[in-house]
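How is a pair of aromatic rings described? The description uses the distance of the centres and the angle of the planes.

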Amino acid sequence: MAAKPIASPIPVALYPTLSVFTLTIGLVITAIFFIYETTSSRKNRSLGKELATSAVASVFLGFGSLFLLLASGVYV
Amino acid sequence: MAARIGIFAVVVAVFLSIPAFSSAQDLQIVNAERRIDLSSHIVKDFLTLKVENIGISPAAEMLLAFSPTQIKNLAMVQALAITGKKKKKTYLPLDVKPAEQPDAPNDTGYYRVTFVSPLGPGETVSLEVLYILTNSLEPFPVEITQSESQLVYYHDSAVILSPYHVKQQTTFVKTPSTRVESFTSIEPANRAGKEIKYGPYENRASYSYAPVIIHFENNSPFAVVEELVREIEISHWGSLQITEHYRLTHGGARHKGVFSRVDYQSKRSVSGASSFNALLAVLPPRVNSVYYRDDIGNISTSHLRTGFRKSELEFEPRYPLFGGWRATFIIGYRVPLEDYLFEASDGRRYLNFTFGCPLVETIVNKLTIKVVLPEGSKDPYAILPFTVNQDLQVKYSYLDIVGRTVVVLQKDNVVPTHNVPFQVYYTFKPIYMLAEPFMLVSAFFFVFVASLAYVHIDLNIARK
């Protein structure tokens, strides 16, 4: 009748490291997105590229901020 | 929803539907020995009974009788059946439930003890009963100054109140110190040091009662928590956060006159003999982020010792507590999730936690435990070994849309013997954990879409 303990899907000790890496990658992709916005002219802009970059950036930033919250003790 | 929350677990309901019981005159108590421990403000009574069935039909249970004042102050009743002799004794826990008898004389209260196997005619069984009384020591004098010692009254009966005939009985009363002002003497009664012996009494009829009053000195800390609210927040991301709000009082003789700090510090053994200034809380072993604060701020007079089996937090309120004084504070700590959350065989998750108050030798007048389940949990269900009032609430916390279900368990008159594990079951689909990061991702995506819209919208009036 051994009960199976439930733990977090990601080891708790990894939260600070994960938050730093995901946030860095997210901010780099955000930078790519804004550089694209400012350096391209109205004619050359491709909406698909913009949306793809922003989607990937928001995923990384979203998970990064979640891990940042967990690492700082706010267990949401 | 309310219909699904039962006050009793299903197992308890089965025990309540016991078949016919034998009448009170079928059993007889051959020998009874009672030991009353008055060392602290929680009165512990140990009864060793030898019960014989003098009827013709097997008896499945017996009744324990208590006077009306005792029934009000009774915190817990436990019974064990003793089998074997001398060194090979084994103890089996028995089921004890409050019982109602329609023909009870003088408002006597009853508890029904169910035997392991029905007692045949002519057979005897040995039982050990433990019952705990709270608020039973009445301070007299009611008010004392700082330099006086605390004296209390204890009201009880020299003869054990029982619905059965008792052939032989003795009562031993243990006091915390050798100072006993007076005690009612019901022959044969004598006192030696810290022990008062009432008995042996022979052949007492059922429901015989001989009231006695013992007036003695008791300077043990009368720590009473008037109200304790414990909130256990489960986060599937890896931790259990426990926050406890205490309202602590000194429940002994009220303090009158001035409080002299000089006297208190210089003559500590004489001054404030019944006051206390330190308390001990027993916390789980792998505890971290412990804080102790009140409305003013952090209280630094505390020591935390972590260990392998338990952690101890020794803390002091901002001032020593004398009779009638109060202290309000909050203790919070975090424990890892895998120590307390498990998966049952049918796929449901359950929290296995300890009920009661972590403070040692303390009575809690009103205890509320709130188990906050993560968002997306369904069908909460609590299982406890004793009766509590159950309720459901909703709490809105970080990144919540629909709110978190809170299982509220409420119990009055809680003593340290109530610190037993209890379980709260609920169902949870792991996919709901992604709701929180999804909310954050969509918030960031909204910012990007807004900046895209700003860049793409052409607000020029003139055509280029």
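Over all chains, the count comes to 25 aromatic pairs, where rings of Phe, Tyr and Trp (its six-membered ring) pair if their centres lie within 6.5 Å; planes under 30 degrees apart count as stacked, over 60 as edge-to-face and the rest as tilted. One pair is A:Phe33 with A:Phe34: the ring centres are 5.1 Å apart and the planes stand at 80°, so this pair is edge-to-face. A:Phe33 is buried at a relative accessible area of 1%, whereas A:Phe34 is partly exposed at 40%. Here buried means under 20% relative accessible area, exposed over 50%, and partly exposed in between (1.4 Å probe, protein chains only).

This is a predicted model: local features need pLDDT of at least 70, side-chain atom pairs count only at pLDDT 80 or more, and totals for chains, interfaces and linings use all residues. Residues are numbered from 1 along each chain as its sequence is written, chains are lettered from A in the order in which they are written, and side-chain values use heavy atoms, with hydrogens and water left out.

In chain B, B:Phe66 and B:Tyr111 also form an edge-to-face pair, with 5.7 Å from centre to centre and 90° between the planes. B:Phe66 belongs to strand β3 (residues 59-66) and B:Tyr111 to strand β6 (residues 109-119), so the pair ties together parts 45 residues apart in sequence. Strands are DSSP runs (E, at least two residues), numbered from the N terminus. B:Phe66 is buried at 3% relative accessibility, and B:Tyr111 is buried at 17%.

One aromatic cluster is formed by B:Phe259, B:Tyr264, B:Tyr319, B:Phe322 and B:Trp325.

Technical notes:
Helices (H or I, at least four residues) and strands (E, at least two) are DSSP runs, numbered from the N terminus.
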